[in-house]
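Let's walk through this model with a few questions and answers. Have the viewer open as you read.

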Amino acid sequence: MNGSAIAATGLRKSYKDKVVLDGIDLDVRAGTIFALLGPNGAGKTTTVNVLSTLVTPDAGTVVVAGHDVSTETRAVRAAIGVTGQFAAVDDLLTGQENLLMMADLLHRPKAEGRRVVAGLLDRFELTEAAAKPASTYSGGMRRKLDLAMTLVGQPKIIFLDEPTTGLDPRSRRTMWEIIRELVADGTTIFLTTQYLDEADQLADRIAVLDHGRLVAEGTAAELKRRVPGSHIRLRFADRHELDVAAQALPGSTRDDDDLTLRVPGDGGVRSLRALLDRLDARSIDVEDLSVHTPDLDDVFLALTGGPK
Ligand SMILES: Nc1ncnc2c1ncn2[C@@H]1O[C@H](COP(=O)(O)OP(=O)(O)OP(=O)(O)O)[C@@H](O)[C@H]1O
Ligand SMILES: [Mg+2]
């Protein structure tokens, strides 16, 4: 499947008089990871629920895997898997039984179901715990089991609502690796997260949701360039070079001890090239150059949490 995996336009959803989604447009390319970022209550889970057919929007259209969510709900459900903020794991069953139950629900032939389940237990390093009740699993094991249950159906598109919330750093990394493997196999991932480094690490594109509206969308690099604080740091061999450079670059801040110049800019390639051209034209030699961009935390704080 090439092209669009998830396309939404004009999504609206209110509960009573509370507007939760206030006109959302999304386009997720097949075979990519899309991250929806936002503070608590921004509407992330609601968006996932609408895109995955669990909640009907008041307005707007959603096409998932080429099917309209409102008129071809079954076809959409057959193509997707959803791993929610609260795991669908049955505590009374063992890990293996949970997975076999999924295989049964999906009408997989018994032998094939057993084979798929064994493969998933192995892949998620749950083989040892397979015969123990899920109630004895750690948070990380539950998350893995939950995702494994989603994969029994071999969905082309997977929704992950906060897949790593509450996991320790090692378990988070394991989860990231699994997500990357899925995408390498051609799966599309739509994930929500409150961890900016997670979006930074995983996502091809990121959208920031606040008060039910998308306040920004782009690659991590594009988003970082949107907030002020980007600058280029230049270091020179001696005071003379620094003097000439400072004159050539009005608006820059000099540090005479370090022989450095801080030049504000958007951190993009084009402005960097223009800067180097200016220095070149004056035959100024640069000893060292580094580009500093704000991190996603800066972006998140700048874009979200303001008054409605
Ligand atoms: N079924 C519902 N009935 C009434 N209000 C709801 C319902 N579902 C969600 N809401 C409200 O919609 C808003 C957005 O909720 P949602 O769960 O989508 O946010 P979220 O971004 O996933 O938050 P979190 O980061 O805490 O998971 C909240 O104010 C919530 O109270
Ligand atoms: Mg949520």
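Q: Glutamine 154 is found in the loop between which helix and which strand?
A: This is a predicted model, where local features need pLDDT of at least 70, side-chain atom pairs count only at pLDDT 80 or more, and totals for chains, interfaces and linings use all residues; side-chain values use heavy atoms, with hydrogens and water left out. Residues are numbered from 1 along each chain as its sequence is written, chains are lettered from A, and ligands are numbered from 1 in the order in which they are written. Helices (H or I, at least four residues) and strands (E, at least two) are DSSP runs, numbered from the N terminus. Glutamine 154 sits in the loop between helix 5 (139–151) and strand 7 (157–161).

Q: Is glutamine 154 buried or exposed?
A: Buried means under 20% relative accessible area, exposed over 50%, and partly exposed in between (1.4 Å probe, protein chains only). Glutamine 154 has 59% relative accessibility, so it counts as exposed.

Q: Which residues have the most contacts inside the largest nonpolar core?
A: A nonpolar core is a set of buried Ala, Val, Leu, Ile, Met, Phe, Trp, Tyr and Cys residues joined through side-chain atoms within 4.5 Å. The largest one has 47 residues, and helix 6 (residues 169–184) gives the largest share, six residues. The ones with the most contacts inside this core are Leu99, Ile189 and Ile206.

Q: Why are the buried residues of helix 11 on the same side?
A: Helix 11 (residues 296–303) buries Leu296, Val299 and Phe300. They're on the same side because, going by the directions from the helix axis to the C-beta atoms, they cover an arc of only 95°.

Q: Which residues are exposed on the other side of helix 11?
A: The buried residues of helix 11 are covered by elements including strand 3 (33–37) and strand 9 (205–210), where contact means heavy atoms within 4.5 Å. On the other side, the exposed residues are Leu301 and Ala302.

Q: In strand 13, what is the bridge partner of aspartate 255?
A: Two strands pair if DSSP finds at least two bridges between them. Strand 12 (residues 253–255) pairs with strand 13 in the antiparallel sense over three bridges. For aspartate 255, the partner in strand 13 is threonine 260.

Q: Are the rings of phenylalanine 34 and phenylalanine 190 stacked or tilted?
A: Rings of Phe, Tyr and Trp (its six-membered ring) pair if their centres lie within 6.5 Å; planes under 30 degrees apart count as stacked, over 60 as edge-to-face and the rest as tilted. Here the centres are 5.4 Å apart and the planes are at 20°, so the pair is stacked.

Q: Which residues do ring pairs link into a cluster?
A: Searching the whole structure turns up two aromatic pairs. Besides the pair of phenylalanine 34 and phenylalanine 190, phenylalanine 159 and phenylalanine 190 have ring centres 5.6 Å apart and planes at 50°, so that pair is tilted. The cluster is Phe34, Phe159 and Phe190.
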